[in-house]
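Welcome, and please open the model in your viewer. We will go from stop to stop, selecting a few residues each time and looking at what is there.

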Amino acid sequence: MFDIQYTTADEAVKLVQSGDRVFIHTAAATPQLLVKALGDRKAELKNVEIVGAHTEGPLPFFDPKYPDAFDVNAFFVGGNLRPYVNQGKAHYIPLFLQEIPSLFRSGRMKLNVAMVTVSPPNKKGYCSLGVSVDISNAAIDTADIVIAQINPQMPRTIGNGVIHVDRIHAKVWVDEPVYEHNNPAPTEVDEKIGKHIAGLIDDGACLQLGIGSIPNAVLSNLGNHKNLGIHTEMFSDGIIPLVEKGVINGSEKVTDPGKIISGFVLGTKKIYDFIDDNPIVNLYDSAYTNDTRIIRMNPKATAINSAIEVDIFGQVCADSIGYRQYSGVGGQMDFIRGASLSEGGKPIIALPSITNKGISRIVGTLKPGASVVTTRAHVHYIVTEYGVAELYGKNLKKRAKALIEIAHPSVREQLDKEVFEALKCKVF
């Protein structure tokens, strides 16, 4: 056994110096005790840059009394960071998820410190990054200093997210449940979208889909499918019934046959227990999971992604509401492109036709400032509760017609007028 010397979170974060760049572990693995302890040093630190992707929990880096203590930069904007980004107090870095590890490994974004949560070491001294390997693997590989919460409730996952306990410079024992995310139950609209998408999925398909009510609605409609595989950047509880039923077995995958491949997992204790030491689940660096070259190797790769709004010719805004940053580029383009190049692959964008406030999400033009995550040339299928618009290989007129047909009925006439003004020809 290893003689591990533990310390407190307050002592551990004293390794962070003014001017350092500090990485924070992703999603459910966010080391919240270390984050709080680092935030508590605001009066004594200057110009500490915080980098990471989606995190969970409070972010104590924005005390107006100490505006120069921390500079927060994120590759993905979650609910805990969104208000600060849109107030100019934090900043968003647009970058494909596939490319972030190389940003660290190349030295173009040098990391001084990585703060992570890991499982206790095994008998050979190796800890697991648990529920989040993604870009965090590259962070622990390249950071000068690694500070870790060692949590016995963190699942030990199989893949390449491992770190030897001797590589960790400061170790804090934290015995607490891993952060849980409960997905809302699918609405009637979600169920309709889920059925439409399920109708596009072939037996033997290799799926990429995330979390939320629409992915869960899709999964709930796949019970009669056969030999599905999973190669994705993340997944949640919804896959468990299909694995138990044998629907998801990965038997027709070319890469990692029989394995569920992902970068991170976010859900409830049920999914964390499922992945713990489970040989059929492998969590890998996003340089692998999101590599378009790898994704396309699997036949019938089917990528299911969401959008905030789609314009009448197929441009997809997925990460901002006008100028307001909502989320991030993430891996949408990695998988949309990979699926489109896969033999029999299907890249799918799914969204309700209108918002909860009755605003159409299929629009004549995107809002001023809205960012295009997926270009119209990359889009194949757009799905709403009103059906499927297949855009691949179609001219602008036919694209517009297909999208108007799946838009909310209340806006179809207006969209038709806008298309006429743009193309100078009738669509219907």
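Select Arg 41, which counts as buried because its relative accessibility is 10%, under the 20% cut-off for buried residues. Keep in mind as you look around that this is a predicted model.

The side chains of Arg 41 and Glu 44 form a salt bridge, with N and O 3.1 Å apart. Is Glu 44 buried or exposed? Glu 44 is exposed, since its relative accessible area of 53% is over the 50% mark.

Next, select Glu 49 and Arg 21. Their side chains meet in a salt bridge, at 2.9 Å from N to O. Colour the strands to see where the two residues sit: Arg 21 belongs to strand β1 (residues 21-24), while Glu 49 belongs to strand β2 (residues 48-52). The pair is 28 residues apart and links distant parts of the chain. Glu 49 counts as buried, because its relative accessibility is 17%.

Move on to helix α6, residues 188-200. Which residue forms a salt bridge with Glu 188? The partner is Lys 192, and the closest N and O atoms are 3.8 Å apart. Both residues lie in α6, four residues apart, which is about one turn of the helix. Check the surface here too: Glu 188 counts as exposed at 61% relative accessibility, whereas Lys 192, at 40%, counts as partly exposed.

Select Arg 105, Asp 141 and Asp 285 together. These three residues are linked in a network of salt bridges. For the whole model, the count of salt bridges comes to 14.

## Last stop: two helices side by side

Finally, show helix α13 (residues 396-406) and helix α14 (residues 412-423). Their axes are 10 Å apart, and the helices pack at an angle of about 170 degrees. That angle makes α13 roughly antiparallel to α14, because angles over 145 degrees count that way.

To see the contact, select these residues:

- from α13: Leu 396, Lys 397, Ala 400, Ile 404 and Glu 405
- from α14: Arg 412, Leu 415, Asp 416, Val 419 and Leu 423

What kinds of residues make up the contact of α13 with α14? Six are nonpolar and four are charged, with no polar ones.

How values were computed. Residues numbered from 1 in each chain as written. Predicted model: local features only at pLDDT ≥ 70, side-chain atom pairs only at ≥ 80, totals over all residues. Heavy atoms only, no water. Salt bridge = Lys/Arg side-chain N within 4 Å of Asp/Glu carboxyl O. Buried < 20%, exposed > 50% of the residue type's maximum accessible area, 1.4 Å probe, protein only. Axes fitted to C-alpha atoms, helices over the stretch in contact; angles between N-to-C directions. Parallel < 35°, antiparallel > 145°, perpendicular 65-115°, else oblique. Contact = heavy atoms within 4.5 Å. Nonpolar A, V, L, I, M, F, W, Y, C, P; charged D, E, K, R; others polar.
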